[in-house]
Amino acid sequence: MICIAIANQKGGVGKTTTAINVGTALAATGQRVLLIDLDPQGNASTGLGIGRADRERSTYDLLVGELTLDDVAVSTRVPGLDIVPATQDLSGAEIELIEFEARTHRLDASIARDTSDRWDVVLIDCPPSLGLLTINAMVASHALLVPLQCEFFALEGLSQLLNTVERIRGRFNPGLSILGVVLTMYDRRNRLTDQVSDDVRAVLGRVVFETVIPRNVRLSEAPSHGVPALIYDYKCPGSEAYIALAREVIDRLPKLKKAA
Ligand code: ADP
Ligand code: MG
């Protein structure tokens with residue numbers, strides 16, 4: 001089971017959109033995918049049609065309680081894509097977990113305990129912070145997928161994120177790698193985004209995926225219908241981009257498997 005955290009401490013950069021649509025595209029290729037919603041806002045859960053009333057068991061029970069992945073995962077309308085939904089009480093987990101001895105390893109332990117053999121790939125949709133929840137995701141993961149919004153300050157938050165990755169590597173998870181950085185909300189008509197994209201590639205090199213995700217209103221409409229854009233409108237430019245991104249992700253998976 002390969003575990004990938006989708007992380008960036010900035011909000012609104014496309015983490016959840018990437019988690020939902022890459023998850024859907026991977027599932028379409030036959031991978032059995034589990035999306036763990038680690039954001040108390042629960043946008044991935046809502047976006048996949050899991051209403052608040054249907055979130056009897058959640059990520060909170062996984063981190064703070066003793067339930068297993070097998071207990072808390074539910075299926076979505078997307079064949080091959082399951083989810084562990086998030087509820088509001090997850091926001092309290094950051095503080096409640098401080099009391100726990102192995103507070104950084106709660107998610108890792110519950111993933112390691114899983115013997116159900118239900119999934120090939122686990123995607124973790126992280127909250128917009130570098131707090132204990134995101135640290136749990138980094139400790140539990142083989143690699144990070146980092147969405148970076150094409151804006152002037154794109155690279156600013158990145159060094160802080162990479163510093164955190166270094167710390168996690170040093171203390172808990174030496175094998176943690178960067179699967180890739182994906183540029184999101186790319187706007188062809190805006191010359192600044194081209195400049196940003198060139199700069200990011202010059203600084204980060206080949207870790208940046210070739211695929212860029214365009215700004216596309218279909219991607220932002222889909223969640224209100226409770227389905228991934230890839231189902232809502234599979235031919236829109238955003239969906240096509242996420243299919244291309246998933247292809248690149250699949251190409252990079254074998255390296256992770258070897259390291260795992
Ligand atoms: P995050 O999880 O990093 O906070 P989201 O994926 O929730 O970011 O995206 C933030 C908002 O922008 C959401 O309303 C989402 O629907 C929208 N959005 C995300 N990616 C795109 C895109 N490529 N084009 C247009 N809207 C997007
Ligand atoms: Mg989100």
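## Surroundings of ligand 1

The residues of the shell around ligand 1 divide into six nonpolar, ten polar and two charged, where Ala, Val, Leu, Ile, Met, Phe, Trp, Tyr, Cys and Pro count as nonpolar, Asp, Glu, Lys and Arg as charged, and the others, Gly among them, as polar. The shell holds 18 residues, and the closest to the ligand are G14, K15, T16, T17 and S220; a residue is taken as near a molecule if its C-beta atom, placed from the backbone, lies within 6 Å of it.

Helix 1 (15-28), strand 7 (177-186) and helix 10 (217-221) are the elements that give two or more residues to this shell, and helix 1 gives the most, with three residues. Helices (H or I, at least four residues) and strands (E, at least two) are DSSP runs, numbered from the N terminus.

## The model and its confidence

This is a predicted model, in which local features need pLDDT of at least 70 and side-chain atom pairs count only at pLDDT 80 or more, while totals for chains, interfaces and linings use all residues. Residues are numbered from 1 along each chain as its sequence is written, and chains are lettered from A and ligands numbered from 1 in the order in which they are written.

The mean pLDDT of the protein chain is 94, and 99% of its residues reach 70 or more; pLDDT is the predictor's confidence in each residue, from 0 to 100. For the complex, the predictor gives an ipTM of 0.99 and a pTM of 0.97.

Eight strands form an open sheet with mixed pairing, in the order 3-4-2-5-1-6-7-8, and two strands are said to pair if DSSP finds at least two bridges between them. Strand 3 (74-75) and strand 8 (208-214) stand at the edges, each with a single partner strand, so one side of each is left without a neighbour in the sheet.

Strand 5 (residues 121-125) runs parallel to strand 1 (residues 2-6), to which five bridges join it; in these, the partner of A5 is I124 and the partner of I6 is D125. Five bridges also join strand 5 to strand 2 (residues 33-37), again in the parallel sense, and here L34 stands opposite V122. Strand 6 (residues 143-149) and strand 7 pair in parallel over seven bridges, with G180 of strand 7 as the bridge partner of L145.

## Buried strands and the nonpolar core

A residue is buried if 20 or more other C-beta atoms lie within 10 Å of its own, exposed if 12 or fewer, and partly exposed in between, with C-beta atoms placed from the backbone. By this count five of the five residues of strand 5 are buried: V121, L123 and D125 point one way from the strand, and V122 and I124 point the other way. In a regular strand the side chains alternate between the two faces of the sheet. Eight of the ten residues of strand 7 are buried, so this strand is largely enclosed by the rest of the structure.

The largest nonpolar core has 76 residues, and those with the most contacts inside it are L123, I124 and A137; such a core is a set of buried Ala, Val, Leu, Ile, Met, Phe, Trp, Tyr and Cys residues joined through C-beta atoms within 7 Å. The largest share of this core, seven residues, comes from helix 7 (residues 132-140). Nine of the nine residues of helix 7 are buried, so the helix is largely enclosed by the rest of the structure; among them are L132, N136 and A140. Leaving aside its neighbours within four places in sequence, A137 is in contact with A5, A7, L38, L107, I124 and C126, contact being counted when two C-beta atoms, placed from the backbone, lie within 7 Å.

## Individual residues

Most residues other than glycine have a negative phi, and most peptide bonds are trans. Phi of D117 is near 55°, a positive value in a residue other than glycine, and phi of M185 is likewise positive, near 55°.

A102 lies in the loop between helix 5 (90-96) and helix 6 and is exposed, with 10 other C-beta atoms within 10 Å. The C-alpha atoms of A102 and A7, which are 95 residues apart along the chain, are separated by 21 Å.
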